[in-house]
Amino acid sequence: MAKKLFPLDKNYILQQAQLAIEKELLELMVVEVKNSFTLLFNPLKLQDDTYLRILQQDDFPMDHLLVIYRQLAGIYRFRYGSNQLELLFDGRSHYEKYQEDWSLCLKGWLQKLGQQEAYVKTMLRMTLLYDSPSRALFAENRCKSLINEHFGLSIVKRKGDLLLKTGT
């Protein structure tokens, strides 16, 4: 996001807060995918090869997961990012408040998205069950479209500009 207007615009502070806690929220995304897989596909927690691989796998390229995180962060800024700072009376900075609000919202969104089998499968394909870059890229694109569909968003590119439209 290019800073065009005011340096203390809420969206700039919100974006900085989202980027600062990116690493820990990426880990949260992986934990939530594991939980969603267990609830949807293995509620009895049977110890088969796939389930053990998903639980034990920690080493995979983070590029695709990072794209999904940043898409969700952008959707949050689009939905909740007015440019007005609110008055805080609890002694926290806006930066701290936005980090907390974003973390709570993302966790709720991940749990809601985790109820969709297609979302869980695509997230697994590009993270814990990563096997090739081409399959992960396909899963990433599918995941982005599932997220846009879930939130009722349409991203349209016209004359080099990206427009974000809501269906609600």
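Is the crossing of α4 and α5 left-handed or right-handed? The crossing is right-handed. This is a predicted model.

**Packing of α4 and α5**

- Helix α4 spans residues 63-80 and helix α5 spans residues 94-113.
- The two helices pack at an angle of about 115 degrees, and their axes are 11 Å apart.
- On the α4 side, the contact is made by Y69, L72, A73, I75, Y76 and Y80.
- On the α5 side, D101, W102, C105, L106, W109, L110 and L113 make the contact.
- Sorted by class, the contact of α4 with α5 has 12 nonpolar residues, 1 charged residue and no polar ones.

**Nonpolar core**

- The largest nonpolar core has 42 residues.
- Inside this core, the residues with the most contacts are M29, L72, W102, Y119, M123 and I147.
- At least two residues of the core come from each of α1 (10-20), α2 (22-41), α3 (49-56), α4, α5, α6 (117-126) and α7 (133-151).
- Leaving aside residues up to four places away in sequence, Y119 touches L110, L113, G114, C143, L146 and I147.

**Aromatic pairs**

- The structure holds 8 aromatic pairs.
- One of them joins F37 and Y51, whose ring centres are 6.3 Å apart.
- F37 lies in helix α2 and Y51 in helix α3, 14 residues apart, and the pair links distant parts of the chain.
- F37 has a relative accessible area of 11%, below the 20% cut-off, and is therefore buried.
- Y51 has a relative accessible area of 5%, so Y51 is buried by the same cut-off of 20%.
- Y76 and W109 form an edge-to-face pair, with 6.1 Å from centre to centre and 65 degrees between the planes.
- This second pair also links distant parts of the chain, with Y76 in helix α4 and W109 in helix α5, 33 residues apart.
- Ring pairs link Y69, Y76, Y80, W102, W109 and F151 into a cluster.

Terms used: Residues are numbered from 1 along each chain as its sequence is written. This is a predicted model: local features need pLDDT of at least 70, side-chain atom pairs count only at pLDDT 80 or more; totals for chains, interfaces and linings use all residues. Side-chain values use heavy atoms; hydrogens and water are left out. Axes are lines fitted to C-alpha atoms, for helices over the stretch in contact, and angles run from 0 to 180 degrees between N-to-C directions. Helices (H or I, at least four residues) and strands (E, at least two) are DSSP runs, numbered from the N terminus. A crossing is left-handed if the near helix is turned anticlockwise from the far one by less than a right angle, and right-handed if clockwise. Contact means heavy atoms within 4.5 Å. Ala, Val, Leu, Ile, Met, Phe, Trp, Tyr, Cys and Pro count as nonpolar, Asp, Glu, Lys and Arg as charged, and the others, Gly among them, as polar. A nonpolar core is a set of buried Ala, Val, Leu, Ile, Met, Phe, Trp, Tyr and Cys residues joined through side-chain atoms within 4.5 Å. Buried means under 20% relative accessible area, exposed over 50%, partly exposed in between (1.4 Å probe, protein chains only). Rings of Phe, Tyr and Trp (its six-membered ring) pair if their centres lie within 6.5 Å; planes under 30 degrees apart count as stacked, over 60 as edge-to-face and the rest as tilted.
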